[in-house]
Amino acid sequence: MRISAKKVYEVLKREGVEHIHHANSVITSCQFLRNGALLSRGSIEQKGLYQTPQNSDKIDKDMGVWFDVFADSVDIHHRASRLNAYGPVLFLIDIELLKKAYTGGIWITKLNPTRWEGKKHEDKWFTSVKEFENNFKKGEFNQMLVFRHCGGELSFKKYLKEIKLDDPNQKSKHTKIDYYSMAFGALKISMTEGGIDVPIFRRTCVGKCSCINEYSSDMARTDQMYMPKPIKSD
Ligand SMILES: [Zn+2]
């Protein structure tokens, strides 16, 4: 159910959430920066822009969330000590966006859409303000903020605070350049094109983070996530 942005802001603030978080691939993140907005998968497709395929794409279409913009209350990579499946680039957007900008009403999931198959409406979404107020927890990965009334574009120009970028500590065999500097350069150029200037920080992993192993164990996926341009198959 649609909950007012003001109410969502209040509850998130109460829980100590300062930023909303969105993770994505380098190519897709560059599209966001050029447009000054997070874009839904469907909106990017409609604009005829390229985006990195995600494992969840078919499910998103089937479940009716293809035109929605998703965000998390925490940095999942940091919290879970593993890479974020949606990509190595993390946008940190000031939560004041919810209060001061027009975002439209927000829906909050109770379960990740990849697990919605056969589930009832009330298992997928919070269905009352009271239920949301009583049960929302910072860092509960299944509880995602879904912007469904913003026309598929969540403008962040004044509210984007920083970008955190993973460093897989490897070189791409396609370009012979290390992934981190390749991604850093592409993001910086896209920022200039979009009239945005925020810092990009190299992620510092905590504890026994498994991301380096995960990046090196699936180099095809790592290439897909880091390449600033689509990889041509030959
Ligand atoms: Zn890590």
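1. How are the donor residues of the zinc ion spaced in sequence? The spacing is H-x127-C-x3-C-x1-C. The model is a predicted one, in which local features need pLDDT of at least 70 and side-chain atom pairs count only at pLDDT 80 or more, while totals for chains, interfaces and linings use all residues. Residues are numbered from 1 along each chain as its sequence is written, and side-chain values use heavy atoms, with hydrogens and water left out.

2. The zinc ion is coordinated at 2.1 to 2.4 Å by H77 (NE2) together with C205 (SG), C209 (SG) and C211 (SG), where donors are N, O and S atoms within 2.8 Å of the metal (3.2 Å for Na, K and Ca), and sites may look incomplete since water is not among the atoms. The angles subtended by the four donor atoms are 102 to 122 degrees, which makes the arrangement tetrahedral (four donors with all angles between 85 and 135 degrees).

3. C205 counts as partly exposed at 36%, whereas C209, at 18%, counts as buried.

4. Five of the six residues of strand β1 (residues 19–24) are buried, so β1 is largely enclosed by the rest of the structure; strands are DSSP runs of E, at least two residues, numbered from the N terminus. Six bridges join β1 to the antiparallel strand β4 (residues 89–94), and in β4 the bridge partner of H21 is L92.

Technical notes:
Four donors count as tetrahedral if all angles lie between 85 and 135 degrees; four count as square planar and six as octahedral if opposite donors are over 155 degrees apart and all others between 65 and 115; anything else is irregular. Buried means under 20% relative accessible area, exposed over 50%, partly exposed in between (1.4 Å probe, protein chains only). Helices (H or I, at least four residues) and strands (E, at least two) are DSSP runs, numbered from the N terminus. Two strands pair if DSSP finds at least two bridges between them.
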